[in-house]
Amino acid sequence: FFSRNVRPPIRKRQTADTKSIIISPRLQAFLLALVFAAAKSTQSSTSPSPFNRRLPTFRKNSDSQFANKTNNSNKMANPNDTTMTMDSNPQNSAEQHDRVCIIGSGNWGSAIATLVGRNCARLHTCETRVNMWVYEEDVALDDGTTRKLTDVINDQHENVKYLPGIRLPDNVVAVPDLAQACDQATLLIFVLPHQFLPRLMPTIKASCHPSCRGVSLIKGLDFCADTKNP
């Protein structure tokens with residue numbers, strides 16, 4: 001008999017064919033790390049990992065097959081690169097200047113014209129003159145006379161109706177004829193209400209350069225009546 005304060009010893013049964021081995025968590029992690037390291041070294045020796053492959057390097061004026069191509073039509077023009085030859089595409093030629101045209105002459109268009117005019121005057125990759133298409137209308141001046149808006153802009157270098165008090169750069173020229181304004185333009189900046197675009201686009205397409213690019217500063221979207229898509 002055992003007293004209340006003394007508990008009998010607990011004996012674990014252990015058979016001859018079954019033995020329990022206790023491994024600490026640290027030892028288990030160490031063994032797993034060894035297994036993974038061995039598997040990785042075996043894999044890298046048989047089939048190299050794509051992450052360990054050395055990527056090809058491309059240097060300027062190298063003798064690679066890409067540098068040997070003299071007519072690379074997909075190369076964009078670099079304003080700081082003067083070694084490129086003349087090309088028919090103004091986007092790929094460093095010698096042919098961009099001809100910029102602004103479509104729209106409201107307050108938003110006139111504000112953008114101040115920045116575009118300054119940039120085109122200082123950048124050697126752009127023509128100095130910037131055409132700005134102006135919807136021709138009569139404006140009443142302070143002296144009581146009435147003149148065409150394009151004449152006032154070209155004489156006073158100020159859009160007295162839509163952006164009074166702000167002087168436009170001298171190289172920004174107001175043009176009332178859309179086809180003349182977009183003639184051989186390589187960069188169009190759209191700054192006008194979107195509802196006017198459908199009837200203007202045929203004239204613009206027929207007048208601008210075939211590889212002309214466009215920058216949209218239009219506030220709003222026009223949806224197709226049939227497809228309901230913008």
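K148 and D138 pair up in a salt bridge (a side-chain nitrogen of Lys or Arg within 4 Å of a carboxyl oxygen of Asp or Glu), with their closest N and O atoms 3.1 Å apart. K148 sits in strand 4 (residues 146-148) and D138 in strand 3, so the pair ties together parts ten residues apart in sequence; strands here are DSSP runs of E with at least two residues, helices runs of H or I with at least four, numbered from the N terminus. This is a predicted model, where local features need pLDDT of at least 70 and side-chain atom pairs count only at pLDDT 80 or more, while totals for chains, interfaces and linings use all residues. Residues are numbered from 1 along each chain as its sequence is written, and side-chain values use heavy atoms, leaving out hydrogens and water.

**Salt bridges**
- The structure holds six salt bridges.
- One of them joins R99 and E127, at 3.1 Å from N to O.
- That pair links distant parts of the chain, 28 residues apart: R99 is in the loop between helix 1 (25-46) and strand 1 (100-103), E127 in the loop between helix 2 and strand 2 (130-133).
- E137 and K161 also meet in a salt bridge, at 2.4 Å from N to O.

- E137 is buried, with a relative accessible area of 16%; buried means under 20%, exposed over 50%, and partly exposed in between (1.4 Å probe, protein chains only).
- K161 is partly exposed at 41%.
- K148 is partly exposed too, with a relative accessible area of 38%.
- D138 counts as partly exposed at 47%.
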